[in-house]
Amino acid sequence: MAKFKKKGGKATPGISTSSLPDIIFMLLFFFMVTTTMRDSTLLVQIKPPQATEVQKLEKKSLVSFIFIGPPLKKQFGTESRIQLNDSFATVEDIPEFIESEREARDEADRKLLTTSLKVDKETKMGVVTDVKQQLREIGAFKINYSTAKKIARK
Amino acid sequence: MARQVNEINAGSMADIAFLLLIFFLVTTTMDVDTGITRKLPPPPPKDIDDIKVIKRNVLKVWVSKSDRLMIGGKPDDIVNLRNEVREFLRNDDIHSPTSPENKPEKKKEPVNFQILGGDIWPSKGVISLKNDRGTSYDMYIQVQNELAAAIRELRDELSQKYFGMKFSQLTDNNKIKAIQKAIPIAISEAEPAEIGGN
């Protein structure tokens, strides 16, 4: 009887790792899909207004953003302020900002440059109007009011 | 003697993985940038006086400091804005160079589109949008949204009539252009000024 010893009776067989690659791939895809590259950290709070007639913003590379909203840190006040790139700015800085955005693009693409206004909904129109006037003067006519999509009411 | 531990069945692992994958795919929302696209007018020439516009061609939409609305000089509510604008801009007979008394005039020059059946005269009507510096951005966007909706509905109507589908469903560039020419986005934003009011 001793001849027929059970082989490896006590040793636990290793957990199959054949599906591990699948899981890793899955995670990889998940993170690839959900991460959005944010090139500037927001200093102002943006709660966009909602609208039904929204269009998708095509060609992300041809969009420059202007953020307007109340500062996140209260020591900068509660009034809406303008953020360009990574710092607070004033209306007078906008021509320079648009100029540098144009410089960064191809000659042929400069006409197609869109300025996306990401504005908090509590902001008063005064500052937005000033920004629009500046954009008109420098010839950046294509603008996009960033809004969230609302389900159309019937 | 210990019972033999069977190897864990890994056959269903793939199913679990897929389940998770699908779950995440469904629940994550990618933040797509959406918005209302508009074109700003070039700055006005310095030496020009007020351009004369005939009263019947303009529908004034004013938004006051406290987000109240005036449509054509009368206080009104935002729920009526879409209909008023649509009725104002509606071009009942696009092949006729004239329009009824209570409607805006037609443009002097027709545009020719064979796919719309020859010459068409777009309406000269313009929405004049004016807001105070104290108007909230939210209200402004709501107004812009209603204006955009009115124009979209008119375009849908025309597109449905000639091509049998909605404007947004058109794929032929010629057709899209024709509709865009026939019903232009005629929104003029006044030079900023204090309009005050409450």
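**Notes on the predicted model**

1. The interface of chain B and chain A holds 22 residue pairs in polar contact, counting pairs with both residues at pLDDT 80 or more. On the side of chain B that touches chain A, α1 (13–27), β1 (34–39), α2 and α3 each supply at least two residues. The most comes from α3(B), with 11 residues. The model is a predicted one, and the points below should be read with that in mind.

2. As for extent, 49 residues of chain B are in contact with 55 residues of chain A. The two chains bury about 4,600 Å² between them, and 59% of that area is on carbon and sulfur atoms. Within chain B, the residues that lose the most area to chain A are Asp33(B), Leu40(B) and Tyr137(B), which together make up 18% of what that side buries.

3. How many salt bridges are there between chain B and chain A? The count is three. A salt bridge links Glu53(A) to Arg152(B), with the closest N and O atoms 2.8 Å apart.

4. Chain A has three helices and eight strands, and their order along the sequence is α-β-β-β-β-β-α-β-α-β-β. The chain has 154 residues, of which 38% count as buried. Among its contacts with a separation of 6 or more, 72% are between residues 24 or more positions apart.

5. Helix α4 of chain B spans residues 173–182, and its buried residues are Ile176(B), Ala178(B), Ile179(B) and Ala182(B). Viewed down the axis of α4(B), these fall within an arc of 160°, so they line one face of the helix. Asn173(B), Asn174(B) and Lys177(B), on the other side, are exposed.

6. What do the buried residues of α4(B) pack against? Their partners are β5 (111–113), β6 (118–120) and α3 (137–163) of chain B. At the start of α4(B), Asp172(B) places a side-chain oxygen within 3.0 Å of the backbone nitrogen of Asn174(B).

7. Strand β2 of chain B, residues 58–63, has two faces: Leu59(B), Val61(B) and Val63(B) form the covered one, while Val58(B), Lys60(B) and Trp62(B) form the uncovered one. Note that Val58(B) and Trp62(B) are on the uncovered face.

8. β2(B) pairs with two strands. With β7 of chain B (residues 126–131) the pairing is parallel and runs over six bridges; here Val63(B) has Asn131(B) as its bridge partner. With β3 of chain B (residues 69–71) the pairing is antiparallel, with three bridges, and Val61(B) stands opposite Ile71(B).

9. The hairpin of β2(B) and β3(B) has five residues between the strands. In that hairpin, Asp67(B) takes a positive phi near 65°.

10. Where in chain B does Arg90(B) lie? Its place is the loop between α2 (78–89) and β5. The side chain of Arg90(B) makes a polar contact of 2.9 Å with the side chain of Glu87(B). With neighbours within four places in sequence left aside, Arg90(B) is in contact with Lys103(B), Leu154(B) and Glu157(B).

Conventions:
Residues numbered from 1 in each chain as written. Chains lettered and ligands numbered in written order. Predicted model: local features only at pLDDT ≥ 70, side-chain atom pairs only at ≥ 80, totals over all residues. Heavy atoms only, no water. Buried < 20%, exposed > 50% of the residue type's maximum accessible area, 1.4 Å probe, protein only. Helix = DSSP H or I, 4+ residues; strand = E, 2+ residues; numbered from the N terminus. Arc of directions from axis to C-beta. Contact = heavy atoms within 4.5 Å. Polar contact = N/O pair within 3.5 Å; in protein donor to acceptor, adjacent residues only side chain to side chain. Pairing = 2+ DSSP bridges. Buried area = accessible area lost by both parts, 1.4 Å probe. Salt bridge = Lys/Arg side-chain N within 4 Å of Asp/Glu carboxyl O.
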